[in-house]
Every structure is written in structure tokens, then in C-alpha cells.
Amino acid sequence: MTSATAFHLFPTFAGTASDNAVSAGPRVARELFQRLESHLNRPVTTAKTLALREVLADIIQECSRADWDGHGARPVSPAAIVESLLLMRFLPRSASVPEIVAEPSGALGFEWHDDRGSAFVVSVSGTGRINYAAILPGGTRKYGAERFSRELPSVVREILLTHFQKSRV
């Protein structure tokens, strides 16, 4: 890491000469820890996002016209595309990679499955709401709809982090 990069990521190390090194140490350490924790909890990695965007581009190309499935499906809506990009941005880094599917309603679905029979589906349709349904271990079922705009709804994040992490799937 270059000093310029370190300065950009950790500007607290660029204190003034008058900073008291003893009293600043715990503050700097705390800030560094908070930045590291924030980094580890950041949304998906660039490689994962790029792979998901490629899949999304293929789906858009295949499903952007009416009746794309031969059974009267609506085209994937531009608003659903925008929300799916936002959803990808907020997916936890440790979550496994979902499958993306076009839904006959014009929405886009993100699906996670594991070898224990668990499944989780999150749908975005461009309305500012996420619809979700999960079948979890022990037959537990969770489903609902949550507002979606600036962050992943906590129930969706919890299900992903608890049941669909990379190491578990």
C-alpha cells in the first residue's frame, strides 16, 4: 500500500505535529478498527458485482420484450433493473452468490439455495419494496415485503448472513 493510499484510507494517521502521541494512540487505534470493521462489512466485492452484472445484462437482453417466455411475461422493467443494481451493491460481502432470474411480472429475482434444502428468494420490481421468501432449516418459513432504497432491509441481511454465507453453501 502506498503512502498516498494509506493516507486516503486512514487519514487519521496524518495528524499534526502537535498531536500528543500517547493520547492520540487509542483514538487512532479506535478509528482504525472502525474503518477496518466498516470495510469488512461493506457490500459485495467488485468481482462478485461484475459477475452479477454480466448475468443481469444477459437477462435484460433475453427478457426485455413482452412475452419473452412464450406465456405472456412482461418485459423486465427499467425500474427493476435499477433496483437490482442497488441490491447487488448492498449484498453482504460474505453472502454466497445468488442466481438472478427474470420473473413473469417484469421483476427480477435473486435466489440462494444450499445443500440442506434451504432456499431464499428476494424480488425487486422497481417499486421501492423488496419481497422475500425463505425456507430455512427445520422447515422455518419467513416471508414478507420491506421498504428498499438506501440499505438492505435488516431481515434480508440477517437471513443472508445466518444461512447463506460462502463457507456454508
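Biologist: Quick one on E158. Buried, or partly exposed?
Modeller: Partly exposed. E158 has a relative accessible area of 45%. Keep in mind that this is a predicted model.

Biologist: OK. What does E158 form a salt bridge with?
Modeller: With K142. The closest N and O atoms are 3.9 Å apart. The pair links distant parts of the chain, 16 residues apart. E158 sits in helix α5, residues 154–163, and K142 in strand β5, residues 141–147.

Biologist: And what does K142 count as, buried or partly exposed?
Modeller: Partly exposed. K142 comes out at 31% relative accessibility.

Biologist: How many salt bridges does a search of the whole structure find?
Modeller: Two. One is the E158 and K142 pair. Another is between the side chains of D114 and R116, at 2.7 Å from N to O.

Biologist: Is D114 buried or exposed?
Modeller: Buried. Its relative accessibility is 12%, and the cut-off for buried is under 20%.

Biologist: And R116? How large is its relative accessible area?
Modeller: It is 46%, so R116 is partly exposed.

Biologist: Switching topic. How many helices and strands are there in the protein?
Modeller: Five helices and five strands. The order from the N terminus is α-α-α-α-β-β-β-β-β-α.

Biologist: Let's look at β1. Which way do its side chains point?
Modeller: They alternate along residues 99–102. I100 and A102 point to one face and are buried.

Biologist: Which strand do bridges join β1 to?
Modeller: β2, residues 108–113. Four bridges join the two strands, which run antiparallel.

Biologist: What stands opposite V101?
Modeller: G109, in β2.

Biologist: How many residues lie between the strands in that hairpin?
Modeller: Five. In this hairpin of β1 and β2, G106 takes a positive phi near 100°.

Biologist: Now the whole protein. What share of the residues is buried?
Modeller: 33% of the 169 residues.

Biologist: And the accessible surface? What does it come to?
Modeller: About 10300 Å² for the protein. Carbon and sulfur atoms account for 55% of that surface.

Biologist: Last one, contacts. What percentage comes from residues 24 or more positions apart?
Modeller: 52%. That is out of the protein's contacts with a separation of 6 or more.

Methods:
Residues are numbered from 1 along each chain as its sequence is written. This is a predicted model: local features need pLDDT of at least 70, side-chain atom pairs count only at pLDDT 80 or more; totals for chains, interfaces and linings use all residues. Side-chain values use heavy atoms; hydrogens and water are left out. Buried means under 20% relative accessible area, exposed over 50%, partly exposed in between (1.4 Å probe, protein chains only). Two strands pair if DSSP finds at least two bridges between them. Contact means heavy atoms within 4.5 Å. Accessible areas come from the Shrake-Rupley method with a 1.4 Å probe; for residues, only the protein chains shown count as cover. A salt bridge is a side-chain nitrogen of Lys or Arg within 4 Å of a carboxyl oxygen of Asp or Glu.
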